[in-house]
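Colleague: I have not looked at this structure before. Please take me through it in questions and answers.

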Amino acid sequence: MKKFLQLSLLTVLLLPTLPNLDGKKAIAQSAIDEDKLNTVNGMPWAGGGLPFSKLVNIQDTLVNSALGKVVIDAHGEDPLSSLIKSPFSGPRPGRFVIISLWGSKIEGCFAKIVVQTAPSNGQATLDEIAPTTIELGIDGQILQLTPTPNTKVRGFSGKYTYTEYENNQNVSYNNTWYMSDTLFAINADAANILRKAPAKEIRARLTFANGDTKVFPIGKGTVKHWQEAYGFNNTCTAPSQP
């Protein structure tokens, strides 16, 4: 299997080490500029600065006109930190974060899954972190979503530094974290299922290109706001051109 940095779908981006940001804290705002949702150049670890688990209006950056609605969720794991678990504060060996964006815009509906991981050995392949499907357990049924046709999965990597307390002193180490960015297709039928989902935490499953899976929760606050997020454009189609 080819290494992550050798894959043709990968665009490498060296991201700076981030300050401590708690990705679970919502920003007090009701609107976000469309440009701030652009992930073509990657996303800071845990989506630092994004508003989580709240309904947000997407607005045109230049004229503040309404373009859509979105709700953003984050799930983090920190299996190697036995005393203090803080997966959102920054990359560290073993930490794993999933950020999901759900909503609709004038031109259609969308679901974006961003996977970020800091492997202990500093190595990952795109096959290991690029989801090929997402399954959502909603009201006793499973909704399966696949990537939007004709879109490429983007991959990124970044260097970071962390410290360990050893022999009565802090020792610094360098390592690498990785990210995949996948856009999933949402049609009117899928949007309708999401809009009608009961307002409670649900479980989701990502299946990756190498066959591995990851089951994770999507918070009640996010699910609750699907109704309005996909209600902005419930047909999931662009307006007819004259």
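Colleague: How many residues lie between E4 and E5 in their hairpin?
Modeller: The model is a predicted one. In it, strand E4 (residues 96–105) runs antiparallel to E5, and 10 bridges join them. One of these pairs has Phe96 with Thr117 of E5 as its bridge partner. The number of residues between the strands of this hairpin is two.

Colleague: Which residue of E9 is the bridge partner of Ala111?
Modeller: E5 also pairs with strand E9 (residues 169–184), in the antiparallel sense and over seven bridges. Ala111 belongs to E5. Its bridge partner in E9 is Phe184.

Colleague: How many of the 10 residues of strand E5 are buried?
Modeller: Gly108, Phe110, Lys112, Val114 and Gln116 point one way from E5, and these are buried. Cys109, Ala111, Ile113, Val115 and Thr117 point the other way and are buried too. Strand E5 (residues 108–117) is therefore largely enclosed by the rest of the structure, and its buried count is 10 of the 10.

Colleague: Which residue is joined to Cys109 by a disulfide?
Modeller: A disulfide is a covalent bond between the sulfur atoms of two cysteines. A search of the whole structure finds one. Its S to S distance is 2.0 Å, and the residue joined to Cys109 is Cys236.

Colleague: How many residues apart are Cys109 and Cys236?
Modeller: The disulfide joins Cys109 to Cys236 and links distant parts of the chain. Cys109 is in strand E5, while Cys236 is in the segment after helix H3 (220–229). Their separation is 127 residues.

Colleague: Is Cys236 buried or exposed?
Modeller: Buried means under 20% relative accessible area. Cys109, with 13%, is buried. Cys236 has a relative accessible area of 12%, so Cys236 is buried.

Colleague: Which strands stand at the edges of the open sheet of four strands?
Modeller: The order in this sheet is E7-E6-E10-E11, with antiparallel pairing. Each of the two edge strands has a single partner strand, so one side of each is left without a neighbour in the sheet. They are strand E7 (141–145) and strand E11 (213–218).

Colleague: Which residue of E11 is the bridge partner of Arg203?
Modeller: Six bridges pair strand E10 (residues 202–208) with E11 in the antiparallel sense. The bridge partner of Arg203 in E11 is Pro217.

Colleague: What angle does the direction of helix H2 make with that of E7?
Modeller: Helix H2 (residues 188–195) packs on the sheet, where it touches strand E6 (131–138) and E7. H3 lies across E6, E10 and E11, and runs at about 75° to E11. For H2 and E7, the angle is about 135°.

Colleague: What share of the residues of the protein counts as buried?
Modeller: The protein holds three helices and 11 strands. Its accessible surface comes to about 12500 Å², and carbon and sulfur atoms make up 49% of that surface. Of its 242 residues, the share that counts as buried is 46%.

Key: Residues numbered from 1 in each chain as written. Predicted model: local features only at pLDDT ≥ 70, side-chain atom pairs only at ≥ 80, totals over all residues. Heavy atoms only, no water. Buried < 20%, exposed > 50% of the residue type's maximum accessible area, 1.4 Å probe, protein only. Areas by Shrake-Rupley, 256 points an atom, 1.4 Å probe, with all protein chains shown as cover. Pairing = 2+ DSSP bridges. Disulfide = S-S within 2.5 Å. Contact = heavy atoms within 4.5 Å. Axes fitted to C-alpha atoms, helices over the stretch in contact; angles between N-to-C directions.
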